[in-house]
Amino acid sequence: MGKSLEFVKERIASGQCNGMENNKYESMIEQDIRELFTVVNYTKNGTILADVPYLKGDKPYFNVIIKHDPDADFEYFTMQRCNCDGTFVFFQDLMGECIDKMIHLKTCNVNKEIPKDLTRYSIVYTVGDFVLAEEFGDEFATKEKPWMKSRFTAMLPIKFDVIRNEE
């Protein structure tokens with residue numbers, strides 16, 4: 001695997017991961033993101049997992065490109081979290097929600113400038129592998145659902161770029 005697990009653990013240790021600063025996760029593993037995509041294209045610059053064109057009316061406006069490079073220099077990570085009964089299918093849902101955030105432009109590096117008009121631009125997310133964490137304890141259960149003692153977190157390291165497409 002690449003740098004994903006190391007990157008996430010460093011961010012948590014530095015206090016940059018909402019809610020996991022106590023470092024008391026039961027386990028943390030990497031999951032290859034490519035397994036979640038049905039179409040994967042391999043290129044010289046890495047694996048392209050998705051290339052989604054957006055239209056303005058009937059004209060091309062911009063693209064969202066998701067590339068896989070487990071050794072990229074990540075800038076941040078997106079994450080999704082849920083309290084559950086410990087059934088691992090919840091991880092699949094969380095990973096899907098992270099991918100949905102990229103496809104629908106719900107995550108970006110706020111320190112990078114994004115043009116107001118995205119005509120002829122591509123939003124490029126270079127991602128590593130998912131880092132999945134499980135925490136367990138009574139504090140995650142509710143009065144209504146006392147058996148829900150697991151908290152799952154899916155984190156996806158990202159390098160974010162906005163590039164102008166060639167004419």
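Student: Which residue forms a salt bridge with K149?

Tutor: D138 does, and the closest N and O atoms are 2.9 Å apart. A salt bridge here is a side-chain nitrogen of Lys or Arg within 4 Å of a carboxyl oxygen of Asp or Glu. Before we go on: this is a predicted model, where local features need pLDDT of at least 70, side-chain atom pairs count only at pLDDT 80 or more, and totals for chains, interfaces and linings use all residues. Residues are numbered from 1 along each chain as its sequence is written, and side-chain values use heavy atoms, with hydrogens and water left out.

Student: Where do K149 and D138 lie?

Tutor: Both K149 and D138 lie in the loop between β7 and β8, so the bridge ties together parts that are 11 residues apart in sequence. Strands (E, at least two residues) and helices (H or I, at least four) are DSSP runs numbered from the N terminus.

Student: And is D138 buried or exposed?

Tutor: D138 is exposed, with a relative accessible area of 55%, while K149 is partly exposed at 27%. The cut-offs are under 20% relative accessible area for buried, over 50% for exposed, and partly exposed in between, using a 1.4 Å probe and protein chains only.

Student: How many salt bridges turn up in the whole structure?

Tutor: Six. One of them pairs D73 with K3, at 2.9 Å from N to O. D73 sits in the loop between β4 (59-68) and β5 (76-84) and K3 in the segment before α1 (4-13), so this pair ties together parts 70 residues apart in sequence. D73 is exposed at 55%, and K3 is partly exposed at 32%.

Student: Which residues are linked in a network of salt bridges?

Tutor: E75, K112, K159 and D161. Within that group, K159 and D161 have their closest N and O atoms 2.8 Å apart. K159 counts as partly exposed, at 25% relative accessibility.

Student: What does β7 pair with?

Tutor: Strand β8 (150-164), running antiparallel and joined to β7 by six bridges. Two strands count as paired if DSSP finds at least two bridges between them. E135 stands opposite R151 in β8.

Student: Which residues touch the most other members of the largest nonpolar core?

Tutor: I66, M102, I123, Y125, V127, F130 and I158, out of 27 residues in that core. By nonpolar core I mean a set of buried Ala, Val, Leu, Ile, Met, Phe, Trp, Tyr and Cys residues joined through side-chain atoms within 4.5 Å. Elements giving two or more residues to this core include β3 (46-56), β6 (121-127), β7 and β8. The largest share, six residues, comes from α2.

Student: What is Y125 in contact with?

Tutor: Leaving aside neighbours within four places in sequence, the contacts of Y125 (heavy atoms within 4.5 Å) include I66, Y76, M102, L105, I158 and K159.
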